[in-house]
Amino acid sequence: MQRCSSCVLPEVYPNITFDATGKCNYCQSYSKIEYLGSEKLKTVLASLKKKNGKYDCLVPVSGGKDSTFVLYQMTKVYGLKVLAYNYNNCLTHPQAQENIKTITNALGVDLVTKRNEKQKKYMLTNLKAYLRKPAVAMVPMFCTGCRYGIIGNAFNEAKKHHIPMIVIGWSPIEDTPFKEAYLKESGYSVKSGLISNLLKNPAYLKPGNLIAAAKDYFHSYQQVKDWNFILKMLHPGVKLVQFYDYVPYNPDEIQQVVEKEVGWKTPDAKNSWQWDCKIKLLQNYFYKKEVNFTATDGFLSAMIREGFISRAEALKRLEYSEQKTIGELHQVHEFLKDIGQSDLIPHFSPEKIH
Ligand SMILES: [Zn+2]
């Protein structure tokens, strides 16, 4: 399979083209991320902070390294009084839950957790609908409930505790535009593509599932970034600060800091991206099976473009992650058993992926 000569995006990536030197259009049009800087962040935090509030900000934490780093920075480096908030969709890796306990203890930060048992129900509705009629554009539906669970609920918690701002650790490097590209293939926009796919497969059309999907849509990365009038209306009085708009996001450096400073752990030090939720195991399986790449190809390509790793290093990591997707199928099987869905196991077999 041909890959871009500069990043590692494969020829099967949506809307990709290569020039005579084999460089892809994504690399050609790329401009490096410009960060606003930590001085600017200090000014913003100071302007939003309330006098004499119990908490200065709320930080959503997943147990992954990126949000852990934000929590560490806000408390230890920027000296704010922080409330940590965790959305527990009941499908997360036990190590992620363990990390949340460890880091909040190490930093002496209060923690509120919101559990949502319903997310498992949505995941199964969407997984079973997908299996009836696989359409790669609908793989993100397995996460239904999570976007609102993380960001929508963070706003609700902030309001409840009279906290003026949320500081979140999303990075543009982690953006996954290919998911939107597949939806756009079936419509004019992400929204019309989603509706068109839903109508083609009535198994998705359960009222709770659709309401959750709509709430997620309005809290997606792009919508939150644009902060449109619906979000303004839904969440007045609380401001959102995107930490990695200000401070450079270098995943490897972040990992070293959180391991050393707050005792953060990962089940696999060689691949510490997106392991915290088990739904990712299912999604990676279907991406690999249907289109022969996963979000990891895009993430590593972004790391190359930002100058964090070489192309050779990215190829090494990619191979490791691909072997892992196949090697860890038993984890998918165990996961399905755990949630009482052993009958779905035959859908996940190594022969079915590239
Ligand atoms: Zn490229």
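To sort residues by class, we count Ala, Val, Leu, Ile, Met, Phe, Trp, Tyr, Cys and Pro as nonpolar, Asp, Glu, Lys and Arg as charged, and the others, Gly among them, as polar. The model is predicted, so local features need pLDDT of at least 70 and side-chain atom pairs count only at pLDDT 80 or more, while totals for chains, interfaces and linings use all residues. Residues are numbered from 1 along each chain as its sequence is written, and side-chain values use heavy atoms, with hydrogens and water left out.

Let's begin with the open space. On a 1 Å grid over the protein atoms alone, a pocket is an open set of points with protein on both sides within 12 Å along at least five of seven lines; a cavity is a set where a 1.4 Å probe fits but cannot get out, and lining residues have an atom within 4 Å of a point. A volume is the space filled by probe spheres set on the points, which are joined across faces, edges and corners. The largest pocket has a volume of about 1600 Å³. Of its 50 lining residues, Arg147, Ile150, Trp170, Lys179 and Lys280 are the closest to the centre. By class, the lining has 22 nonpolar, 17 polar and 11 charged residues.

The search finds two cavities of 30 Å³ or more. The largest holds about 40 Å³, and its lining is Lys179, Gln274, Lys280, Gln283, Asn284, Tyr287 and Ala295. Helix α14 gives the most to this lining, four residues; helices (H or I, at least four residues) are DSSP runs, numbered from the N terminus, as are strands (E, at least two).

The second largest cavity has about 30 Å³ of space. Here α16 gives the most to the lining, again with four residues. Lysine 324 also sits in α16 (residues 311-327). Is lysine 324 buried or exposed? It counts as buried because its relative accessibility is 16%, where buried means under 20%, exposed over 50% and partly exposed in between (1.4 Å probe, protein chains only).

Finally, look inside. In soluble globular proteins, nonpolar side chains tend to be buried together. A nonpolar core is a set of buried Ala, Val, Leu, Ile, Met, Phe, Trp, Tyr and Cys residues joined through side-chain atoms within 4.5 Å. The largest one has 92 residues, and Met74, Met123, Leu127, Val167 and Phe243 have the most contacts inside it. Apart from it lies another core of 20 residues, Trp227 among them.
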